[in-house]
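Q: Hi! I have a protein model open and would like to find my way around it. Could you walk me through it?

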Amino acid sequence: MRAFPFLVPVILALQAVMAAAPLPAQERPAKLAGCYDITAPEPDSANDPRLEIVSGAGFEGQVPPRIEFAGPFRGFDDRDTSRTQIVVPEGALPSVHRWMSGEIVGDSLIVGFSTGYGGVTATLGWAGDRWVGRARYFSDVGPPFDSDAGLIELAPVSCDSAPPVSIDAMVPIARSVELEDGLVVTLGEPIPEGLETTPALGTTLTVTGRTAGFFAGADSVAVAASDRYGVTQIWLYYDGPDAHSKLESRLRGAYGDPETDPRWGYHAFRNPITVLTLSIWGNGGAQVTLGVRS
């Protein structure tokens, strides 16, 4: 076999060019599936006071840092749509947004994160290895508006990789109320079988029995629930002139200093999926409201 030594420099030169060349861009996804990490700006209500409507305690204007596209999206009317549902994978920081979805329209990806009152929407284009575009805050209340939210990126990642922000970073506000008979009422889950209730106003049910555990001592309990979302609110009422001060001390010990609204006289403890409020009820008594963020 003859050798061609004059080809060696040519081959080496071609290898050097190929090594220095950028890797070919990935093909734009044809459908939405799998996990993505999101990079997006924090809402800045100091520069636009209207953002208080969607930023609130800092959650409504934030999109979740890790998402997964998972199956058809059921809209406000509870019907499947052409959009793909967005969920937060287990172990990642949850989102306040109850309705999250995405859809590829032409060459663009359109995503939306909504509480039902406001949130974030974005239109993005494929940039070789990720979706890149502009996000906007929007609100349907007080009065309706939309405002530029800056650059947003969605980068595909393995669902088995560690999320950029863990659920452990969230203040773990209680979502369950234990009763003396051992039954537990939990936000986001169906009313437990065997729980005795009596109809109250509207969709509210008065629960038979007293509380135990962290919320022990309530003299009256009520819940609101739906077939789609399970328990959405739990109300606990405590009698006694010192009930409010005792509960305030208990909650501060568990969750730190609350948000306080002097106009309405209540304390609030929040994270992206739960809000717990404490207010005066009756003659020195206390009302605790535990609810799903929406």
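Predicted model: local features only at pLDDT ≥ 70, side-chain atom pairs only at ≥ 80, totals over all residues.

Q: Great. How many helices and strands are in the chain?
A: The chain has three helices and 19 strands.

Q: And what share of the residues counts as buried?
A: Out of 294 residues, 39% count as buried. As for contacts between residues at least 6 apart in sequence, 51% of them join residues at least 24 apart.

Q: What holds paired strands together, in general?
A: Strands of a sheet pair through backbone hydrogen bonds, and the pairing can be parallel or antiparallel.

Q: Okay, pick a pair. How many bridges join strand 14 to strand 15?
A: Seven bridges link strand 14 (residues 220-226) with strand 15 (residues 230-238), and the two run antiparallel.

Q: What about the open sheet of three strands, what order does that have?
A: That one goes 10-9-13, with antiparallel pairing. Strand 10 (184-186) and strand 13 (211-212) are its edge strands, each pairing on one side only. Strand 9 (residues 176-179) pairs with strand 10 over three bridges, and Glu 178 stands opposite Val 184 in strand 10.

Q: Changing topic: how is empty space in a protein found?
A: Rolling a probe the size of a water molecule over the atoms shows where empty space is left.

Q: Then how much space lies in the largest pocket?
A: About 770 Å³. Its lining has 28 residues, and those nearest the centre are Gln 85, Ser 95, His 97, Arg 98 and Met 100.

Q: Which strands each supply at least two residues of that lining?
A: Strand 2 (66-74), strand 3 (80-87) and strand 4 (99-105) each do. By residue type, the lining of the largest pocket has 16 nonpolar, six polar and six charged residues.

Q: And what volume does the second largest pocket have?
A: The second largest pocket has about 360 Å³. It is lined by 27 residues, with Glu 42, Gln 62, Val 63, Pro 65 and Leu 93 nearest its centre. Strand 1 (34-39) and strand 7 (131-139) each supply at least two lining residues. The lining splits into 19 nonpolar, six polar and two charged residues.

Q: One last thing: where is Ala 127?
A: Ala 127 is in the loop between strand 6 (118-126) and strand 7.

Q: Why does Ala 127 count as partly exposed?
A: Its relative accessible area is 47%, and partly exposed covers values between the buried limit, under 20%, and the exposed one, over 50%. The C-alpha atom of Ala 127 is separated by 9.6 Å from that of Glu 153, although the two residues are 26 apart along the chain.

How values were computed:
Residues numbered from 1 in each chain as written. Heavy atoms only, no water. 1 Å grid on protein atoms, 1.4 Å probe; cavity = no way out; pocket = protein on both sides within 12 Å on 5 of 7 lines; lining within 4 Å. Points joined across faces, edges and corners; volume = space filled by probe spheres on them. Helix = DSSP H or I, 4+ residues; strand = E, 2+ residues; numbered from the N terminus. Nonpolar A, V, L, I, M, F, W, Y, C, P; charged D, E, K, R; others polar. Buried < 20%, exposed > 50% of the residue type's maximum accessible area, 1.4 Å probe, protein only. Pairing = 2+ DSSP bridges. Contact = heavy atoms within 4.5 Å.
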